[in-house]
Amino acid sequence: MSSSPANRFLAPVFQALSPRLWELSTSPYFQGQVLIVGAGLAGLTAAYMLKQQGLRPIIVEAKKRPAGRLANLRNWADMPLELGAEWLHGQRSTLFRWLDGQYQNQIVEDEGEEFVPYKQQLRALEDYPGAEVLLERLNELGYEEAPIKGNLLDWAEQNGIDQALYPLLEYWAGEWGCSAKELGIEALAKINRQWSSGDLDFKAEPSLYDLIDESLIRPLRPYLQLGQVVKHIDYSGAQIKVFTQDQTIVVDKLLLTVPLPVLQKESISFAPSLPSAKTAAIQRLKMGDGLKIFFKFNRLFWSGDIIGAKMASSYIDTQAYKSGKDAILCAWAFGEKAEILRNMGQELASRAILAELDSLYVGAASSHFEKYYWQDWSQEEHIWGAYSYPSNSEQPGDRAELQAPIDYKLYFAGEACHPKGHIQSLHGAFETGYEAALQILMDLNVS
Ligand SMILES: Cc1cc2nc3c(=O)[nH]c(=O)nc-3n(C[C@H](O)[C@H](O)[C@H](O)COP(=O)(O)OP(=O)(O)OC[C@H]3O[C@@H](n4cnc5c(N)ncnc54)[C@H](O)[C@@H]3O)c2cc1C
């Protein structure tokens, strides 16, 4: 493996994660053609690892751009805006350690304050009666008390949570990418217990996308085929035939990293069909509805984030920790809130959000408003949602089943596959991509 700055930081991170696989993968004798479907973080990570071991992976990506749910908007404001993932979660996460090793000066901890609407005004979270205690209890689910079956609203009812705090339940479910009624407490408690990445959040300057672009996308450009939609995969023979809209590629191993809804909608057909245990797990897992609406104002009239509001799951103080000077507030909406806003249409929904902000900031929002930008992940082709969330239909072992390779030929990665609690995150996608690459290397080595 070469000793570029990226590699120097990668090796210790992953040696610690899975030492045995690492040892096996560093054998230099690999032969075979590997194709990766999807150039999101999972696919890019796997491709990077395979390339470092001397292979020449082919990455086929349906969109005209790489990086999937990591995307940014340029030239709309005086800073790039993260249309998808925005934070590195956890000071112990593999991805944080890898990026922080290379870009320490560009990564900063987000210590922003949170405010909650209270009788048409905003109160700091710590001054809102019962709010901090509620959020602490939710973070402890799975540790301190026996989780109950049902959804977050059932939990709130059974635990006598004050109705005045219910808007915070919707905010918290939004963080998990769904509505309170969709969030399955049992699955959530398990994920809470498995989470091992730490509780700090970090932002990147100029953007997370830029760091991934420099460290992963650029080195992989020669291997990347954009605008290639995989439609059919035939793995009945010794080699695998992959059909896109305009070519057939024959390879030895195939790694599939497409988002869950692509598998649920059966946008890709398989011969033979996927095993029934896998298709059942695919159908039980859930991906949430999610959108982000950026609002640009001609001056800053707020400070910190707003949680527990009515129209959006949260309002994020977007320019915080950025060198840009533009005043940008982003409405995040997940689950039912996203659906309601979409059904209203962009103009009406934006006006409703401005009206909510006006009520909290005495008319300042409409008087300083310049423009908005709407990013709806549920309508985004080849993605169709925000991220997978813990639901009541999920069964223990479903994530591992989704990740399980088939016949030493088909491998699976992506955030929804993470079997150890790092679902719905960039570092979860990163880790599954890495593990799939190691598995492929190991199987190429012995076959
Ligand atoms: C609004 C939003 C905010 C988020 N915020 C954060 C955050 O702050 N921190 C965090 O850690 N995570 C966050 N996430 C989650 C994070 O973005 C994802 O977990 C991660 O990017 C998923 O990576 P992936 O490789 O699994 O999937 P993806 O990034 O979805 O990549 C899969 C790729 O497969 C491609 N594809 C689909 N079908 C085909 C086909 N038939 N042929 C070829 N290619 C195909 C897709 O186009 C896509 O590029 C957020 C996500 C969203 C949407």
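Analyst: The model is a predicted one, in which local features need pLDDT of at least 70 and side-chain atom pairs count only at pLDDT 80 or more, while totals for chains, interfaces and linings use all residues. Residues are numbered from 1 along each chain, as its sequence is written.

The core comes next. A nonpolar core is a set of buried Ala, Val, Leu, Ile, Met, Phe, Trp, Tyr and Cys residues joined through C-beta atoms within 7 Å. A residue is buried if 20 or more other C-beta atoms lie within 10 Å of its own, exposed if 12 or fewer, and partly exposed in between, with C-beta atoms placed from the backbone. The largest nonpolar core has 126 residues, of which A46, L255 and A331 touch the most other members. Helix α16 gives the most to this core, with 10 residues. Because domain 1 (5-68 + 206-285 + 392-446) and domain 2 (129-194) both give residues to the core, it lies between them. Not counting residues up to four places away in sequence, A46 touches I36, L255, A413, G433, Y434, A436 and A437; two residues are in contact if their C-beta atoms, placed from the backbone, lie within 7 Å.

The two domains, whose bounds come from an automatic or database domain assignment, are domain 1 (5-68 + 206-285 + 392-446) and domain 2 (129-194). Their contact takes 6 residues from domain 1 and 6 residues from domain 2. On the side of domain 1 that touches domain 2 there are 1 nonpolar, 3 polar and 2 charged residues.

Helix α7 (residues 166-175) is largely enclosed by the rest of the structure, because 7 of its 10 residues are buried. These buried residues are L168, L169, E170, Y171, W172, A173 and G174. After α7 comes G177, with a positive phi near 85°. Helix α8 (residues 185-194) includes A189, which is buried because 20 other C-beta atoms lie within 10 Å. Apart from its neighbours within four places in sequence, A189 is in contact with L141, G142 and P147.

Among the strands, β7 (residues 114-118) contains Y118. Y118 is partly exposed because 16 other C-beta atoms lie within 10 Å. Leaving aside neighbours within four places in sequence, Y118 is in contact with R123 and Y128. Strand β12 (residues 240-244) pairs with strand β13 (residues 248-251) in the antiparallel sense over 4 bridges, where pairing requires at least two bridges found by DSSP. These two strands form a hairpin with 3 residues between them, and V242 stands opposite I249 in β13.

Methods: Nonpolar A, V, L, I, M, F, W, Y, C, P; charged D, E, K, R; others polar.
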